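This briefing is for a reader opening the structure for the first time. It begins with a single residue and then moves through the chains, their contact and some local features.

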Amino acid sequence: MNVPVNSFDAVSVAVLPPVARFNLRIAPADLVVATKAFGLKLPGKIGEGVQKGDRAAYCIGPDEWLLHATEADQNAIAAQFDTARAKTPHSLTVISDREVMIGITGPAAIEMLSVACPLDLSRMAVGSAKRTVFDYAQVVLIRDGDDAFRLEVWRSFFPHVSGLLEIAVKELTVGL
Amino acid sequence: MNEFRVKDRGRVNTDKPVKFTFDGEVFKGFEGDTVASALLANGVHLMGRSFKYHRPRGVVTASSEEPNALIGTTRGKGQFEPNTRATIQEIYEGLATESQNKWPSLQFDLGAINDRLYMLFSAGFYYKTFMWPRSFWDSVYEPLIRKAAGLGKAPTEVDPDHYASRYLHCDVLIVGAGPSGIAAALTAGRAGSKVVLVDENTEMGGTLLSEPSVLIDDQTAWDWLAKAKAELDNMPNVRRMTRTTAIGYYHQNMIGMVQKLTDHMVDVPTGAPRERMWRVRAHEVVLAQGAIERPMVFDGNDCPGVMMAGAAQTFLNRFGVLVGKQPVVLTSHDSAWHSAFDLADAGAKVVAIIDTRPEVDAALVHQAMKRGIETLVGHTATATKGRLRVKGLRVNPVKHGRVGTARVLSCDAVLVCGGWTPSLHLFSHTKGSLDWDAEAKAYLPGKKTEDVHIAGAGRGLWGIASALEDGTKAGREAVQALGQTVGAANYKVADDRVGTGITQKELPSDRSAGKAKAFVDFQNDVTAKDIRLAVREGMKSIEHVKRYTTNGMATDQGKLSNMNGLMIAADALGKEAPQVGLTTFRPPYTPTTFGAFAGYHKGQHFEVTRKTPIDGWAEENGAEFEPVALWRRAWYFPQAGEDMHKAVARECKATRQSVGMFDASTLGKIEVSGPDAVEFMNRMYTNPWTKLGVGRCRYGLLLGEDGFIRDDGVIGRMRDDLFHVTTTTGGAARVLNMMEDYLQTEWPELKVWLTSTTEEWATIALNGPNARKLLQPFVEGADISADAMPHMALVECTVAGFPSRLFRVSFTGELGFEINVPARHGRALWEKLHEAGQQYDICTYGTETMHVLRAEKGFIIVGQDTDGTVTPQDAGIGWAIGKMKPDFVGKRSLDRPDIVAPGRKQLVGLLTDDPKTVLVEGAQIVADPKQAKPMKMIGHVTSSYWSETLGRSIAMAVVEGGFDRMDDTLHIPTEDGGTVSAKVTGTGFYDPAGDRLKVE
C-alpha cells in the first residue's frame, strides 16, 4: 500500500504494518474460554481495550471483540480457538486483510480526526476503542495515548479516508 | 478621504487605503470597510435594481439581512459569486464587484419597463396574465419571463476553491457576540466551561460597535469591549470565532456554522480553504442574536437613500461614514432619535424627526431641539421624491385618525425605524414555540425543545445594561445546567440608550392605497397591496399569502418583511396577528455557498469509489470501468481499435474456447459461523442446507418476507458449523443487515454469528475448457481433478503459495473455478495466472462479458432480471426452494393469492426474428403492435445482448403468463420508433444439458 507519510510538527499520519487480526464473537458468559485461547484477559465492557506485548483485545460490541497479534502467531491462535470450539461455541474470523490500519499521532491528532469523525474524542479514554464513522467509511478507532490514535478501515475505503487525512494535514499546515 | 467620511470616527484602518471596483469604476475605501460602507463613503447609494420591477435600489441595512444591495463579486478566475450582500463583503485591494439585474447600466436600466407595467405583474400574475394566445406561453412568454427573472448571474466556471468541514464539541456555544453574548461568554468562561463564542461579523461587539458613547464600568464601550475580548482570549477554555454564521439549529443541540476564512484576503495562502462548515454539538446553547430593525411601509419607501436608522448609526460609528448630509428620520421607536443625534453630532444637518406616535418622551424632544432638529410627532409619511436617489419625503400630520395636509421635506436620506423584531430564526429551527407579545407586537421565544437560553434583544429586551445583565444570566443558567459552579457579574452602565416604541401596518395616507408602491418585501418586490390582493382573492392562511405573494421567500427569508407582512395580512383578514401566525423559518439563516455544504465531497471525494486489489492491473491494461454500487469494476478490456461490441465478442469467444479470467472480488462474502449455522441458513434462504456436505457448495436464493427475490449467490459449507456465503456485489451490505436483523430480533436464541469478509478475500474466476489445466500446477494441498473435485465443490488449499478457499463453480457454463486468496495477494495471484495463462491464450474479461455468458445459459442476475416483484417461480427457479422445509423467510408469502394467481409476469427467452437485431433492455412488450393506444403492455425486456457464441442476439424478458407462450411471437418497440418481432423461448440458449462442464 503506497501512501505518502504526511507529517509535520503538529501531527503525523502513517500506514501501519499488517497484523494478525481477528473478529471474535462469543457469549460474554464464555469470555474466560476466549481469554485462555488468546492468552490475554479479554475486557468485558464495550469500548474497553487491553494490550500486552504484541497482543491486544478490544471489546467493540455486546458479544464482539477485535483481536490483534503479530502476523507470525495467526495460525497458532486460530488453532487454539479451534480446539476450544469443541466445547464452547464461538466464531473466530480472520480479518487480517480486510482492514488497513493508520496511525495518527501528535498534539493535533484530535483536531485531525474531527475533520470527519463526529465523536467527542476528548472524552475517549486512553486504551479504549470505538466503532464509529469517518466520513463515509465505517472505522474502528483506538486511542493509544493523549495524542495517539489508530484508525482501522476496510481496504477499499482506505483511499477515501487517507485522502481526507491528507487534506486535513494540509489545512493544519496552512493554519486555516 | 471620502466625501462622506467623518474624521476620527469609525473603526476602519485609515492608514490602509484600499481600491476596489464597482461596475468597472474604481472606488477608494479603507481596510475594514465593506463594499457598502465604502460606496456610501463615496456618496453612492444606488447599488442594484429590484427583482421584478427593476426599480433603483440602495442599501438599507448594515448587516447580513440586507435585501437590496446584492452584488456580484469576482475574487479570481472561477471565483465569481452572485447575490453577495454588499454589507458583508469586505473590500481588499483589487476586488471587482458589479451590480445585478440591470441592462445596460444601473443608472439606465431597460428592465424598468416592468415598473411601468406593474399592473401586469401583481401577485400571482402568471395565473392571470400572459395566457393568450395559449401557444405563446411555451414559445414566447415563458422563455422571456425566465430570461428576465432572477437576480444574479449564475457562475459558469468550475469553483476552484476548497471548502473544509469539521466537528466541534463544547459545553456552551454562544451565538452572537454583542453585549449579551460577550457577557454570557465571560460568565461561562470564568467558570471554566468549554466555551465557543461566534459572530457573523468581522469583529465582535454587536451593538457596542454602534454605541461608542455608552459607558460600561467607567470605560467607553469600545475600551470595555477590547478588555473583554482580551480576557476571553486569555482563557484556554474559550474559543472565539468571527466571520462565522450559525446557519441552522438542528436536533439535540447540533448547530451548523459556516466560517468565512479567506473572502476578505487579497493574498490567499495556497491550499487554504475558502470556508469551513462546523458541526457543533453543544451541551448548552445561548442565542444572543439581537433584534432586526423593521422598515416602514409607505409609498416610495424603496427609493435609494431610504434606509434603516440603526444602519445609518452603524455606518457612522463603526465605519465613520455619513449616509447623507441632510437626513430625515422617520420612526415609531426611541432608538432612531439616538441615531439622529449621533448623525447631527457628527456634522449632518438632520432636517427633521418624524414620529408616528402621538406622544414621545419629552427628554428626546428636548435633545432634538437642542440640536436644532425639527420634530414632527404624530405624523405620517406618504411618499418619497426622487428616483435614483431620494430627494424629499412627503409628510402629513395625523389627528384622530385623519391624515392632514402634506408637506415635502427636502433631504438626501430617509432613516427609518418601524420598531425592532427579535431575531428568532435559529430558535424557530428547533420548533420552539413563539409567543406573541401583544404590547411589543412581536414574537418572543416561548416553549423550548432544546437546551437553549435566549438573551438580550433577542428576547425583546432593550439597552446595553439589560443586555449585559441578561447575557450574564443566560451564561449562569447554562453553566448551572452543566452541573458546574459559576460566579456572578454586575456591570455598571452609564449613558445607556434605552427606549421603547411601537410597530404598525402601512402608514396612514391621504392618497389611494391602490396606487401606492409601498414595499413590504424589498428583495421579492412585494407591496402592501399585493398582500391585500392575496387576501381578497381568498388566501386566508399565512402560508398561502406567503406563497401567493412570495413575501418572505427571498434569500433574506423575511427578516425585514415577515412582520410587516403579517400585520397587513392580519388587518386584511380582520384577525389578530397571532391568529394568523408566522411561516416556518428554515436553515440556512443566511445564504450559504453550495461549497460549504459539500465540504470535501467533490471530485475524488464526492463518493467513495471502491476498488479491488486487482483494479490497478486492470487500469494499467486499458480496462474500461463501470460503477456497480460503490465499486468500480472492469467492464471490458478493449484492445487496439476495439469498441465495446468487438471487445466483448472477443472476450466471450476466447473464454468459451480456451480460458477467461475475471475479477470477482467485489462479490459480498459473509462468514456464517456457529453450532446453529445450518438452522440459520435454512431459515434465511429458500434452499435446504442440512444435507449439503462439508466441501460442497450450492446456489442460494434469498427472498424477502413478501416472497420476492432479494439476492442470490453460491454458498459453500466449510465445516459443519461454518458457511462461506456469497452475495451480489450491490447486495452485500443489505444482505448482512437483513441477516443481522432477523438474528437479533427474531432468532436471538440461535448460536450463530455473522462476519463480513468481502474485503478479506480477493477472488479470481477462471472459466473455460482449459481452466483446470491452467490452475492445477498452482494448487497444493488438494486434488482438483474432475473426479476428486466435482462441480459445486470446494476445498482449502494453497494456490501459488497463497492460502486459498477454492470453489469449483461456474457462472458461464464452462468449466469454472473461483479462487479466494487473502486480499493482499490478489494482484500477485492475478499476475501469476495471467502469465501462466499465455500458453492458453488467456483472456481477461470484464462485467459485460460476464453478463453475456451467463445470459447464454439463462442464469438470472438479481436486480437486472428481477426488480423486487419477481418470485422464484416467476423466474423459473422454483427448484431452489426446499420443498420439505417447514419455514424460511418469504415462504408464507408464496401462497398469497396474487402470488399463485395466473397471468403473473414470468421469465422467458426472446429470440428476435431478425437475428441481427438486439432488443433494448427495458423495452415494453405487446402481443399486437396494431392495437389502439394506449396499448396493453404485457412485460418488458430485462437482459439483451449480442451472443458471439450463438452468432445472433438473445434476450430475457418477464412476460405475463410467459411460460404458456412458448413459440408465440411478441412485439417490442425499437429506439427509432419502429417495432420488432421475437419468438418466446426458454432461457437456456446455450448448452442446456450442461455438457460443457464435463471437461477433464
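Is A:Glu99 buried or exposed? With a relative accessible area of 8%, A:Glu99 is buried, because buried means under 20%. The model is a predicted one. Chain B has 1000 residues, of which buried residues make up 59%.

**Chain B overall**

- Chain B contains 24 helices and 52 strands.
- Along the principal axes, the C-alpha atoms of chain B fill a box of roughly 115 × 70 × 55 Å.
- Of the contacts in chain B between residues at least 6 apart in sequence, 66% join residues at least 24 apart.

**Where chain B meets chain A**

- The contact involves 45 residues of chain B and 42 residues of chain A.
- The two chains bury about 3600 Å² between them, and 55% of this is on carbon and sulfur atoms.
- Between chain B and chain A there are seven salt bridges, and 23 residue pairs are in polar contact, both residues being at pLDDT 80 or more.
- Strands 8 (163–175), 15 (275–287), 36 (668–673) and 40 (753–756) of chain B are the elements that give two or more residues to the side of chain B that touches chain A.
- Strand 8 of chain B gives the most to that side, with five residues.
- By class, the side of chain B that touches chain A has 18 nonpolar, 13 polar and 14 charged residues.

**Salt bridges**

- Over all chains, the structure holds 72 salt bridges.
- One of them links A:Glu71 and B:Arg824, with 2.6 Å from N to O.
- A:Glu71 lies in the loop between strand 6 (64–69) and helix 2 (74–85) of chain A, and B:Arg824 in the loop between strand 45 (816–822) and helix 22 (826–837) of chain B, so this pair joins two chains.
- A:Glu71 is partly exposed at 36% relative accessibility, and B:Arg824 is partly exposed at 34%.
- Within chain A, A:Glu99 forms a salt bridge with A:Arg98, and their closest N and O atoms are 2.9 Å apart.
- A:Arg98 is buried, with a relative accessible area of 7%.
- Within chain B, the side chains of B:Arg683 and B:Glu679 meet in a salt bridge at 2.7 Å, N to O.
- B:Arg683 and B:Glu679 both lie in helix 19 (residues 677–684) of chain B, four residues apart, which is about one turn of the helix.
- B:Arg683 is partly exposed at 22%, and B:Glu679 is partly exposed at 32%.
- Salt bridges that share partners join B:Arg55, B:Arg57, B:Asp115, B:Asp302, B:Arg387, B:Lys517 and B:Asp525 into one network.

**A seven-stranded sheet in chain B**

- An open sheet of seven strands in chain B has the order 42-43-44-45-41-35-46, with mixed pairing.
- Strand 42 (779–780) and strand 46 (843–844) of chain B stand at the edges with a single partner strand each, so one side of each has no neighbour in the sheet.
- Strand 43 (residues 793–799) and strand 44 (residues 802–808) of chain B pair in the antiparallel sense over seven bridges.
- Opposite B:Leu794 stands B:Phe807 in strand 44 of chain B.

**Strand 9 of chain B and its partners**

- Strand 9 (residues 195–198) of chain B is covered on both faces: B:Val195 and B:Leu197 on one side, and B:Val196 and B:Val198 on the other, are all buried.
- Strand 9 of chain B runs parallel to strand 8 of chain B, joined by four bridges, and B:Val196 is the bridge partner of B:Leu173.
- Four bridges also join strand 9 of chain B to strand 12 (residues 238–241) of chain B, again in parallel; here B:Leu197 stands opposite B:Arg240.

**Two helices of chain B**

- In helix 13 (residues 542–549) of chain B, the residues B:Ile542, B:Val545, B:Lys546, B:Tyr548 and B:Thr549 are buried.
- At the start of helix 13 of chain B, a side-chain oxygen of B:Ser541 reaches to within 3.0 Å of the backbone nitrogen of B:Glu543.
- B:Thr550 follows helix 13 of chain B and has a positive phi, near 65°.
- B:Arg854 lies in helix 23 (residues 847–856) of chain B and counts as buried at 0% relative accessibility.
- The side chain of B:Arg854 reaches the backbone oxygen of B:Phe859 at 2.6 Å.
- Leaving aside residues up to four places away in sequence, B:Arg854 touches several residues, among them B:Phe811, B:Asp865, B:Tyr945 and B:Met956.

Key. Residues numbered from 1 in each chain as written. Chains lettered and ligands numbered in written order. Heavy atoms only, no water. Pairing = 2+ DSSP bridges. Contact = heavy atoms within 4.5 Å. Buried area = accessible area lost by both parts, 1.4 Å probe. Salt bridge = Lys/Arg side-chain N within 4 Å of Asp/Glu carboxyl O. Polar contact = N/O pair within 3.5 Å; in protein donor to acceptor, adjacent residues only side chain to side chain. Nonpolar A, V, L, I, M, F, W, Y, C, P; charged D, E, K, R; others polar. Buried < 20%, exposed > 50% of the residue type's maximum accessible area, 1.4 Å probe, protein only.
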